[in-house]
Each structure stands twice: as structure tokens, then as C-alpha cells.
Amino acid sequence: MSTKSGIKLLCIVIAIPTLLAACATTAETAAVTPTAAPIQPDRNRYAALADEPFPVAAIPSSQIKAQYRRQLVDDPTGQSPGTIVVDPQNRYLYLVQSGGKALRYGVGVGREGMAWSGTANVAYKRQWPRWTPTQDMIAREPDKYQKWANGMDGGARNPLGARALYLFEGGKDTLYRIHGTTEPQSIGKAMSSGCIRMMNQDVIDLYGRVPDGAKVVVLPVGQRAGA
């Protein structure tokens, strides 16, 4: 091998790790930055989705109050970009963006006495997740939940809907989720077993924007975002 050829080979060998390091850095950056994709036009935001493994029905605009539709607003939370903030008092979930903005989604929240609040992280996410009621839920309403004690596979009838984000606090499962719902009429109401429910179209959108590890702040009932 000539000296010149040896130099060329050495350059290639050095360049490969450099390129791989660049890919790793890009991946790390993407993992902590919220996806700033544009919001769909209102007429398409809650259309039926044909590319899912289970049906996601369209939600007529007449069933969604204007304030609970996905929209870009001025950020009232003061949190850093990429943070999820849930405001149970107003039935909103915010995904903080850069430039003083936030994506706001309408949510359904837990009934009085069943809501959790605090700071957590998205430990992991699931598409069309399996659902298992907690022992407390079974004890409270055995006729409703006992039959699902071993779990329900994901699907159109599963109460977690199309996506779920699992919240852990200090490495421990809070047992609360941000998830879709088969009951879009529950958005804007307090009627769940403590979890944060979203319209399936919205939770699919949120799922695509939020990485594992994202910070989640669930405000106490009675405290408004920015207060």
C-alpha cells in the first residue's frame, strides 16, 4: 500500500466515528425538543384516521366546544419548552413550545377526590395500549371492572384509546396516564378515575411530539396555569 493510499484509508476510518457521533448528537437533541409540526386546518383536525390498526372515528365539530379544540396559544405556564402542563381546573393540557407559545388541548380529568397532582416524567409511551384496572378500581366497582382484572387488549373499545403516556414520579409508577378515550363527550368534564383523557386524534398528535422522559406537571385542582 502506498503512503498516499494509507493516508486516504486513515481519513475514512477517522471520518466514520465522526459521522456516527453526529448522528448520536442529533438523536439526543431530538429526544428533548418538542416537535413543532404545524397544526392541521380545523376541518381536518378531528377527521377519521384511516392509517391506524383500529378505527378512529371522526368527531363532529358540533361535539367539541371551541375552547377544547387543539390550538396554539400564548403560554401561561412559565415552564420550559417540551414540558407538559395539565390544568385540571380549566380542563386543558399544554405542551410548551418555544417563543412563548404552547399547544393547548382539551382534556377530561379525574372526579373529585380521585385526581393526582405533582411533577412526573413520561416513563414510556404505548400505541393502542393494553389496559388493566387497578385493584382500587376493582374494589370500588367490581361489577364494572372485575371481568377485566387480567387486562384488556388494545383496540377500539379499550378505555385507554389510541395512545397512552405513563407517568412516573421519582422512578415510581403514579398509576396515572395521559391517554385517549372512546368517549369524546367526556372532554371538558371531571369523570375519570384520576387519569387525563384526550380525544384520540389529540393524544395521537401529542404522542408524536413528546419523547420518553418529558417533564409533566399536573396542577392541583383549584390552581390555574400561570397562577
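Start by selecting I178. Leaving aside its neighbours within four places in sequence, I178 is in contact (heavy atoms within 4.5 Å) with I84, L93, R163, A164, L165, L167, I196, M198, V203, L206 and V216. The model is a predicted one, where local features need pLDDT of at least 70 and side-chain atom pairs count only at pLDDT 80 or more, while totals for chains, interfaces and linings use all residues. Residues are numbered from 1 along each chain as its sequence is written, and side-chain values use heavy atoms, with hydrogens and water left out.

With I178, they touch the most other members of the largest nonpolar core, which has 25 residues. A nonpolar core is a set of buried Ala, Val, Leu, Ile, Met, Phe, Trp, Tyr and Cys residues joined through side-chain atoms within 4.5 Å. Buried means under 20% relative accessible area, exposed over 50%, and partly exposed in between (1.4 Å probe, protein chains only). Among the elements giving two or more residues to this core are β2 (84-87), β8 and β11 (215-218). The largest share, 3 residues, comes from α5. Helices (H or I, at least four residues) and strands (E, at least two) are DSSP runs, numbered from the N terminus.

Select α5 itself, residues 200-209. The buried ones include N200, D202, D205 and R209.

Now select β4, residues 101-106. Because 5 of its 6 residues are buried, this strand is also largely enclosed by the rest of the structure. Which strands pair with it? Two strands pair if DSSP finds at least two bridges between them. β1 (residues 71-74) pairs with β4 in the antiparallel sense over 4 bridges, and L72 has L103 as its bridge partner. β3 (residues 92-96) runs antiparallel to β4, joined by 5 bridges; here V96 is partnered by A102. Look at the turn of the β3-β4 hairpin, where 4 residues lie between the strands and G99 has a positive phi of about 75°.
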